[in-house]
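Colleague: Please show me the model, and let us then discuss its chains in turn.

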Amino acid sequence: MENFTPISSLSGGAIIGLAVAIFLYTHGRPAGVSGILIGLFTWQKRDYAWRIIFFIGLILGTLIYRLSFGFDETISMYESPILLIISGLLVGLGTAFSGGCTSGHGVCGISRLSPRSIIATGIFILAALITVTITLRV
Amino acid sequence: MGKNVSALCVGLIFGFGLGLSQMVNPEKIIGFFNLSDAWDPSLAFVMIGALAISFIAFRYIPKIKKPLFSNNFEIPEGKIINTKLILEAIIFGVGWGISGFCPGPAISSISYGYFETIIFVGSMIMGALLGKIIINNFWKEKT
């Protein structure tokens with residue numbers, strides 16, 4: 001478990017929880033990233049701006065983290081572009097069907113003790129576990 | 001206006017949290033699902049940290065009259081467990097397991113400036129659009 005980072009994980013998680021709480025207080029809805037994304041495709045113009053602004057904030061927020069911690073961390077992706085495309089299509093398709101992802105079902109849904117979200121989270125964690133186990137062996 | 005400002009703030013805080021927790025790094029996600037000696041439980045700790053705050057938020061905030069910048073709360077009340085939900089979760093989980101990217105971290109990882117993340121986010125948006133078209137035209141169902 002040499003890569004385990006309990007302190008930054010817990011505190012980073014709490015910061016995400018804080019973002020969820022502020023969003024619930026100001027917008028009155030769950031801060032599920034896929035839900036916010038899917039809303040772009042309902043073609044209601046007056047509901048566009050804040051969603052795009054949220055995504056810009058998401059990118060800038062991570063950039064601010066990098067600025068304040070000296071850019072020494074990188075991220076690693078090992079997949080070929082083809083696998084990234086397949087993975088992206090599946091993630092997008094999956095979230096569109098029920099409008100939920102790790103933040104929507106995993107954080108907001110479980111907080112509400114929503115049976116749909118608890119089941120969805122359990123299933124997608126299991127599916128990811130099986131997928132990783134298979135892909136690491138191949 | 002208030003809605004846009006708060007969306008920006010929430011995005012900034014959320015993105016910072018994804019950076020600090022390193023969830024923006026697909027390697028951390030794959031590490032969580034790789035049950036070997038190199039197992040990395042970090043993802044579970046991120047969930048615990050987030051849930052500790054959001055659980056309280058969802059318990060008390062919806063009791064106020066109305067959200068600050070909106071007329072009413074829009075919290076999904078659906079309770080139906082159906083094929084669509086299960087299928088969604090399986091498709092999502094397989095996609096997540098292939099790359100280690102889910103929507104939030106994928107978008108926030110654009111800040112690292114790698115071409116790969118752009119490929120992923122582009123495909124994810126296409127997938128979401130395709131899913132939305134399928135639901136609207138071929139799979140009408142009450143949830």
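Modeller: From the N terminus on, chain B runs α-α-α-α-α-α. This is a predicted model, in which local features need pLDDT of at least 70 and side-chain atom pairs pLDDT 80 or more, while totals for chains, interfaces and linings use all residues. Residues are numbered from 1 along each chain as its sequence is written, chains are lettered from A in the order in which they are written, and side-chain values use heavy atoms, without hydrogens and water.

Colleague: How many helices and strands does chain B have?

Modeller: Helices (H or I, at least four residues) and strands (E, at least two) are taken as DSSP runs, numbered from the N terminus. On that basis the secondary structure of chain B comes to six helices and zero strands.

Colleague: What area do chain A and chain B bury between them?

Modeller: Contact means heavy atoms within 4.5 Å, and 105 residues of chain A are in contact with 108 residues of chain B. Buried area is the accessible area (1.4 Å probe) that two parts lose on being put together, summed over both. Carbon and sulfur atoms carry 77% of the buried area, which totals about 9900 Å².

Colleague: Which residue of chain B forms a salt bridge with Arg29(A)?

Modeller: The criterion is a side-chain nitrogen of Lys or Arg within 4 Å of a carboxyl oxygen of Asp or Glu. Across the interface of chain A and chain B, the rule finds one salt bridge. Its closest N and O atoms are 3.3 Å apart, and the partner of Arg29(A) is Glu74(B).
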